[in-house]
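Hi,

Here is the structure I promised to pass on to you. Please open it first, and then read my notes below.

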Amino acid sequence: MLALFISAAFCLLFSNINALTTDLKMPGVLPEADSYLCTSVPLTETENYLTGFEAIAQKGTAHHILLFGCEEPGSEDLVWDCGEMNKRSDELERAPTCANKPAILYAWALDAPSLQLPKDVGFLVGGETPIRHLVMQVHYMHEKTEADETGLRITYTDEPQPKLAATMLLVTGGVLPANKTESFETACVIEEDVEMHPFAFRTHTHRHGFDVSGWLVDEDQQNEDHWSLIGRRDPQLPQMFVPVSNASMVIRQGDMVTARCVMKNNEDRDIGMGATGDDEMCNFYIMYWTEGDVMQDNTCFSPGAPEYRWVSEAALNHIPK
Ligand SMILES: *[C@@H]1O[C@H](CO)[C@@H](O)[C@H](O)[C@H]1NC(C)=O
Ligand SMILES: *[C@@H]1O[C@H](CO)[C@@H](O)[C@H](O)[C@H]1NC(C)=O
């Protein structure tokens, strides 16, 4: 029998010839209001392809459920506090989601319809891949006094899939000054020999972001840069992956990808980019498939405002409003 996880309580629910499902669930936790809890499972030595995800959540329980692939989880504990936004838990260890090499694989948010991966597309995990553990993060809404088992139903197969899925993260540092609207920008040239077909994107900020967008930029010698939208979304909407603007877009070696988060600060304090709820964050995720290799380096970082701007640092023009 084909197994995805090494141990843990997994149950096979149905199996046709190739596709199996297994549930990754919270082990009966008692969350506090607004808490972020993580649990992890080690993957087997066999390579598997994750091809579908479905939330197992009672209405009104969770703000979001995120699934990460990690080389090592943030903690060895069965459950830990992986909150960035909340006060510390009294009982649980606080640790990041992944100890290293985080890759986001799935995001479900607040009654949003779930994203289906395109046909023949799967995330390659386990075996010798950099994804040796799955970590599920649940952001709970309310305190619960009954053991909670919120989780994800994962469809997988060991049959090689024609197309591999992966995610790329565009992210900035920087400072959002008091009483100011500021734009956080990043841009990177794809140096690896890949051909990415973006099919979904996700935007993430904390409370101050209101317009996050990602673009493919065709740099032109005559100063007529051409900008093609990958996706644009208000990060105050549920932060799941949503379909890209143009599913025919292809991103190749030498292309430039960019992202921008516009944020408004009506507080009388400067707000740095960082991990806690008092900080801000500018994230644009691209989920893509390829027929060849996925990118080894999946992050595009810039120092953000005030140091870094598209105009001065990347010499870009014809920037969309
Ligand atoms: C979508 O992307 C393809 C490939 O880059 C391009 O040829 C096409 O014009 C784009 N369509 C729209 C509506 O932008
Ligand atoms: C921000 O605005 C508040 C209220 O208008 C004002 O009291 C404060 O001095 C401002 N702070 C800065 C740093 O401009």
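Below are some notes on the two ligands and on the annotated positions.

This is a predicted model, in which local features need pLDDT of at least 70, side-chain atom pairs count only at pLDDT 80 or more, and totals for chains, interfaces and linings use all residues. Residues are numbered from 1 along each chain as its sequence is written, chains are lettered from A and ligands numbered from 1 in the order in which they are written, and side-chain values use heavy atoms, leaving out hydrogens and water.

Around ligand 1 you will find Asn246, Ser248 and Met249 (a heavy atom within 4 Å counts as near). The Asn246 side chain has an N or O atom 2.3 Å from an oxygen atom of ligand 1. Of the 360 Å² of accessible area that ligand 1 has on its own, the protein covers 26% (Shrake-Rupley method, 1.4 Å probe).

Ligand 2 has Ala178, Asn179 and Asp268 around it. A polar side-chain atom of Asn179 is 2.3 Å from an oxygen atom of ligand 2, while an N or O atom in the Asp268 side chain is 2.7 Å from a nitrogen atom of this ligand.

His204 counts as buried because its relative accessibility is 11% (buried means under 20%, with a 1.4 Å probe and protein chains only). Met281 is buried too, at 17%.

Best wishes

Technical notes:
A polar contact is a pair of N or O atoms within 3.5 Å; within protein, one must be able to donate a hydrogen and the other to accept it, and residues adjacent in sequence count only if both atoms are side-chain atoms. Buried means under 20% relative accessible area, exposed over 50%, partly exposed in between (1.4 Å probe, protein chains only).
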